[in-house]
Amino acid sequence: MTAKQLLVWWVCTAAGALSANAQVAPTVVAGSAPAAAGAKPQPDVVARGLAHPWGLTFIDAQRLLVTERPGRLRLVTLTGQVGPAIAGLPPIHAAGQGGLLDVLADSQFAVNRTLYFCYTEPGAGGNVSSTALASARLSDDASRLDNVRVLFSQKPKVSGNAHFGCRIVESPDGKLFLTLGDRYHRMHDAQTLDNHHGKVVRIHKDGRIPPDNPLMGQAGALPEIWSWGHRNVQGAAWGPDGALWTVEHGPQGGDELNRPQPGKNYGWPVITYGEQYGGGPIGQGLQTHPGMAQPVYQWTPSIAPSGMAFVTSARYGRAWQGSLLVGALKFRYLARLTLQGGQVAGEEKLLQDLGERIRAVRQGPDGLIYLLTDSAQGRLLRLQPR
Ligand SMILES: [Ca+2]
């Protein structure tokens with residue numbers, strides 16, 4: 001990578017938008033329009049003062065857990081109280097894009113107080129790391145984590161502080177999906193199955209490997225793998241269609257929305273709609289190849305998608321129900337994708353006036369959408385229907 005490419009990469013993936021990147025195309029509204037024209041939902045601030053918040057999960061109707069990338073987990077209430085750092089996290093390698101990343105309450109949290117979190121796990125000697133997924137029990141007073149157990153560690157641990165992926169999804173049958181990045185300088189690993197770079201993996205809640213995983217028993221393949229050929233998957237959600245959906249960062253262009261199916265290859269870095277930072281083809285410059293799945297949708301230029309959530313509630317009217325919301329870091333907006341027959345029928349750009357990097361998107365128990373903004377003074381926002 002040349003110095004120019006490195007600079008462009010840094011601007012696009014880490015440092016956020018400079019003025020050149022902040023220019024956005026006019027709003028395009030296709031497919032179904034919001035219920036009342038000119039009455040888009042508006043954000044209100046629930047909590048502020050969060051240091052690079054990355055993930056959130058509700059534990060009851062009024063309280064949620066929020067991660068801060070530097071390595072803290074906090075209890076936040078809908079009345080705006082931000083609690084002290086919860087004790088008991090394992091060692092975390094917080095550098096670059098790494099740190100404490102996603103958190104997810106178990107679907108049975110009300111009875112088992114179990115949560116899952118993923119983070120950058122340091123390796124021996126401190127100069128290598130990889131993404132790990134752990135479970136824990138939140139103490140009754142919510143002050144500490146008990147019974148912390150590492151369920152999965154991405155292999156191998158390598159140097160570098162980029163492309164950790166790291167969204168957690170629980171499927172309705174009680175399995176955990178974890179999305180993983182290609183670690184940037186190991187992008188070719190995404191096409192080989194003896195490692196976890198550029199993969200989506202699926203495990204049981206106790207770390208065991210489901211016997212129906214697609215590569216179970218295949219010589220030379222790691223059995224946790226669900227799908228591969230991904231780049232940096234920072235968004236994931238279970239869809240109302242009963243399938244996993246993900247978003248991943250492309251290089252310069254070619255950010256993707258995928259619906260990862262078991263045992264399928266999503267192409268990176270053999271096929272991509274993006275190019276090298278600073279220009280030039282990646283590999284042979286292919287966009288299609290036999291045996292490699294196409295994305296459902298792609299963004300060129302890159303928006304840098306992170307969190308995502310489906311709107312399943314009726315709080316925003318019929319036009320929004322079933323929409324997929326995707327937070328954009330680089331272009332600083334919230335994308336609302338309308339889906340028809342499993343395809344994207346239109347994209348509406350929301351919250352452009354806010355000018356914030358949208359890191360996480362979740363629907364709360366009240367059916368409203370909650371967002372985290374990524375900055376040193378990050379905020380928890382709630383989208384209010386109009
Ligand atoms: Ca792809």
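Modeller: Cys166 sits in the loop between S9 and strand S10 (168-170), where strands are DSSP runs of E with at least two residues, helices are DSSP runs of H or I with at least four, and both are numbered from the N terminus. This is a predicted model, so local features need pLDDT of at least 70, side-chain atom pairs count only at pLDDT 80 or more, and totals for chains, interfaces and linings use all residues. Residues are numbered from 1 along each chain as its sequence is written.

Colleague: Why is Cys166 called buried?

Modeller: A residue is buried if 20 or more other C-beta atoms, placed from the backbone, lie within 10 Å of its own, exposed if 12 or fewer, and partly exposed in between. Cys166 has 30 within 10 Å, so Cys166 is buried.

Colleague: And why does Ala142 count as partly exposed?

Modeller: Ala142 has 15 C-beta neighbours inside 10 Å, so the label is partly exposed. Ala142 also has a positive phi, near 60°, and lies in the loop between strand S8 (129-138) and strand S9 (145-153).

Colleague: How do you know that the peptide bond from Trp268 to Pro269 is cis or trans?

Modeller: Its omega is near -5°, and the bond is cis. Pro269 is in the loop between strand S17 (264-265) and strand S18 (297-299). The bond from Thr300 to Pro301 is cis too, with omega near 0°.
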